[in-house]
Amino acid sequence: LVVCRDGCIKAVGQADAIRNQFSGATFERIIDCSGKCVLPGLVDAHTHPVWAGDRVHEFAMKLAGASYMEIHQAGGGIHFTVEHTRKATEEELFSTFKHRLERMRRAGSTLVECKSGYGLNLETELKMLRVIERAKQSMDIGISSTYCGAHSVPKGKTAAEATDDIINNHLPKLKELNLSGEIHVNNIDVFCEKGVFDLDSTRRILQAGKDIGLQINFHGDELHPMKSAELGAELGARAISHLEEVSDEGITAMARAKCAAVLLPTTAYMLRLKQPQARKMFEEGVIVALGSDFNPNAYCFSMPMVMHLACVNMKMSMSEALAAATINAAYALGKSDTHGSIETGKQGDLVIINSSRWEHLIYQFGGHEALIDYVIVKGKVIYQNERCGTM
């Protein structure tokens, strides 16, 4: 495999044919992958990585039987994180965000969707989006940024008031900043859920975001059946996440609309929810993607662990899980033309593992610091295992 200076894949093929084709070329770096596997860089299609305030104490509450919404209503959950994120400086948020992205890279992620959503007011949402923009400009990792100001209803507001605030104040400001080039937001997200944003509010916010050029990529049908999938298909959503409570009609509608299902094995595992109907989605022809849902509630940086959970708990094959964490996840972010597979002309994002069988990336549950030798973005080695070649 050959990657050019522009970061794109120039050629892929049999070793002898590549050697002959490039016999007169010079290379900045050559990596011998004999006995190893070269895979596409992993794509994490759903994360919440910008926040302050640790929620480790809530884990004990969950283990004792408290539900997600019970913790939320007791002032924990999203509201706890919002309080701490509002107080944090932009520099503090950037420092922790950078550290989290570095951990994701070491586990093989080369493109990550990153949401705001722990501000719930314009000032803090913009602070989070600026932090994401800084990482886009300064770090060797692909980022798809998502405005998620409708992650929860702010304290002191009704859902209707929050909806009006987002449509009348937040989104016009986002449009202005996008046009000026200060930030570049790709997607709009809403937590469509009973007791949060209902179907009508969700429709209004998503349509307003679409009207300013944002891709629709939202939380739906997680804790209660909301007909989110049907709404997303109707609005032309690029992707819908969670879908533990999706209806059969919603699955059919998503398949017809080519709307990706971003399944989040860590969430169903941590919250002890029923698993999404991954097998039915595959049978119906839905484009199934995976995400880590990294956030204070689901503290997982590792897409290989996500793939393992998808295989064990959602009954995916290893090939299905790998596709869901690469090309299909790239599709969910509107980037499958440039990311997610090893093809000539695509971006040179790669993971090289120290095994002759690629399945080890999924089969091994954890311990990827010993398995992954190199992570490469645009042809540049961004992570090299210090024990590379010794295992």
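**Starting from one loop**

Mentor: Lys-378 lies in the loop between strand S13 (372–377) and S14. Helices (H or I, at least four residues) and strands (E, at least two) are DSSP runs, numbered from the N terminus. This is a predicted model, so local features need pLDDT of at least 70 and side-chain atom pairs count only at pLDDT 80 or more, while totals for chains, interfaces and linings use all residues. Residues are numbered from 1 along each chain as its sequence is written, and side-chain values use heavy atoms, with hydrogens and water left out.

Back to our lysine: Lys-378 is not a glycine, yet its phi is positive, at about 55 degrees. Lys-315 is another non-glycine with a positive phi, about 65 degrees. Lys-315 sits in the loop between helix H13 (303–313) and H14. With a relative accessible area of 59%, Lys-315 is exposed (exposed means over 50%, buried under 20%, partly exposed in between, using a 1.4 Å probe and protein chains only).

Thr-326 is in the loop between helix H14 (318–324) and helix H15 (327–332), and Thr-326 counts as buried because its relative accessible area is 4%. A polar atom of the Thr-326 side chain lies 2.6 Å from the backbone oxygen of Leu-322. Leaving out residues up to four places away in sequence, Thr-326 touches Pro-40, Gly-41, Leu-42, Val-43 and Gly-340 (a contact is heavy atoms within 4.5 Å).

Now follow S14 instead. Strand S14 (380–384) is one of the elements giving two or more residues to the lining of the largest pocket, along with strand S1 (2–3), helix H1 (15–21) and strand S12 (350–353). H1 provides the largest share of that lining, three residues. The pocket holds about 1200 Å³ of space, and of its 29 lining residues, Leu-1, Val-2, Arg-29, Ile-30 and Ile-31 are closest to the centre. On a 1 Å grid over the protein atoms alone, a pocket is an open set with protein on both sides within 12 Å along at least five of seven lines, a cavity is a set of points where a 1.4 Å probe fits but cannot get out, and lining residues have an atom within 4 Å of a point. Points are joined across faces, edges and corners, and a volume is the space filled by probe spheres set on them.

There are five cavities of 30 Å³ or more. The largest takes up about 130 Å³, and among its 15 lining residues, the closest to the centre are His-48, Tyr-68, His-151, Asp-293 and Asn-295.

One last stop is H9 (residues 228–235), where seven of the eight residues are buried. Its buried residues pack against helix H8 (199–211), strand S8 (215–220), strand S9 (239–242) and H10. Glu-230 is one of those buried residues. Glu-249, in helix H10 (residues 248–257), counts as exposed because its relative accessibility is 52%. Glu-249 and Glu-230 are 19 residues apart in sequence and 7.3 Å apart in space, C-alpha to C-alpha.

Conventions
Polar contact = N/O pair within 3.5 Å; in protein donor to acceptor, adjacent residues only side chain to side chain.
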